[in-house]
Amino acid sequence: MESLFEKVQESVGYISSIFNEVAEYAIVLGTGLGDFEKGISGQVAIPYIEIPHFAVSTVESHFGQLIIGYKSGIPVIIMSGRFHYYEGYSSAEITFPVRVLKALGVKHIIFTNAAGGINPHYEEGDIVIVHDHINLLPDHPLRGKNDERLGPRFPDMLKTYNLQTIEIFKNLAKSLNIKLKTGVYLALQGPSLETAAEYRMGHILGADLVGMSTVPEVIVARHSGMAVTVFSIVSNTCYPQSKLSETTIEGVIKVVSKSAITLQKLLNHYFRNIQNNAGVK
Ligand code: HPA
């Protein structure tokens with residue numbers, strides 16, 4: 001049987017046969033963030049279905065393709081469509097693309113997602129940069145025999161959410177007059193939304209956001225030594241109960257799509273700054 005390492009190499013071989021420039025940045029698009037693709041120039045898109053060993057997204061709101069192109073002149077890989085535990089995949093399957101991105105040369109991975117807001121000060125549409133997480137998913141992506149070529153057996157998680165990058169984004173947001181909050185993301189398995197008591201539990205546990213994705217990918221990104229940044233858009237407020245109302249996928253997409261324009265602006269400036277600073281280093 002092929003090892004995970006060999007499978008990753010096979011996927012990389014296929015992707016590199018189509019696009020061979022190294023991208024040090026990757027952006028994973030969450031629900032309602034698909035418009036990000038339009039801000040990429042010189043695009044080459046590879047449907048997940050063509051890539052050896054990639055799973056295929058089963059959720060309508062998540063298209064499945066890898067897009068490689070340039071953002072403000074910087075090569076980036078966009079994962080348009082991600083996998084979730086609730087789709088029936090294991091956490092190892094969900095995170096396979098993250099392994100592939102690392103092997104392709106990605107050093108910094110930026111995840112985006114839609115999340116419920118359980119910080120009472122959050123409002124619908126708020127953009128939050130995540131500084132920590134609580135993982136309550138039932139399956140761990142690193143469960144099983146560890147391959148040291150991919151990362152250590154016991155990866156430390158303390159510096160997972162790069163503080164320096166958080167500061168850079170906070171300053172950038174300030175200069176652009178963009179409201180950027182910080183928060184802790186709690187991963188629950190879904191696909192049902194939480195009950196009022198579960199949202200309250202999340203708040204008591206110390207979380208600010210609740211969602212059904214991202215954390216397995218973050219763990220694997222950390223395991224493989226990549227810098228990680230996570231942005232959540234508060235698609236619905238859930239705590240206290242007076243802020244809670246019925247949540248639909250249509251409502252989530254509507255709220256997120258609006259704030260996605262602002263997040264896109266923030267990221268564009270981030271990449272523009274990287275390009276401007278590239279000559280200085
Ligand atoms: N709970 C879990 N996941 C979510 C939510 C929520 O309220 N909103 C968007 N994703």
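A residue counts as near a molecule if one of its heavy atoms lies within 4 Å of it. By that rule the ligand is surrounded by Ala114, Ala115, Gly116, Leu193, Glu194, Tyr199, Val210, Gly211, Met212, Ser235, Asn236 and Cys238. The model is predicted, and local features need pLDDT of at least 70, side-chain atom pairs pLDDT 80 or more, while totals for chains, interfaces and linings use all residues. Residues are numbered from 1 along each chain as its sequence is written, and side-chain values use heavy atoms, with hydrogens and water left out.

The shell around the ligand holds seven nonpolar, four polar and one charged residue, with Gly counted as polar. Polar contacts here are pairs of N or O atoms within 3.5 Å. A nitrogen atom of the ligand lies 3.4 Å from a polar backbone atom of Ala114, and one lies 3.3 Å from a polar backbone atom of Gly116. A ligand nitrogen is also 3.4 Å from an N or O atom in the side chain of Ser235. Taken alone the ligand exposes 260 Å², of which the protein buries 93% (Shrake-Rupley method, 1.4 Å probe).

Strands S5 (108-117), S8 (209-211) and S9 (227-237) each give two or more residues to this shell; strands are DSSP runs of at least two residues, helices of at least four. S5 gives the largest share, three residues.

A nonpolar core joins buried residues (under 20% relative accessible area, 1.4 Å probe, protein chains only) through side-chain atoms within 4.5 Å. In the largest core, of 78 residues, Ile77, Ile109, Phe111, Phe231, Leu263, Leu266 and Phe271 touch the most other members. Helix H7 (residues 249-278) supplies the largest share of this core, nine residues. Apart from this core lies another, of seven residues, including Tyr199 and Cys238, and both of these residues also belong to the ligand's surroundings.

Conventions: A polar contact is a pair of N or O atoms within 3.5 Å; within protein, one must be able to donate a hydrogen and the other to accept it, and residues adjacent in sequence count only if both atoms are side-chain atoms. Buried means under 20% relative accessible area, exposed over 50%, partly exposed in between (1.4 Å probe, protein chains only).
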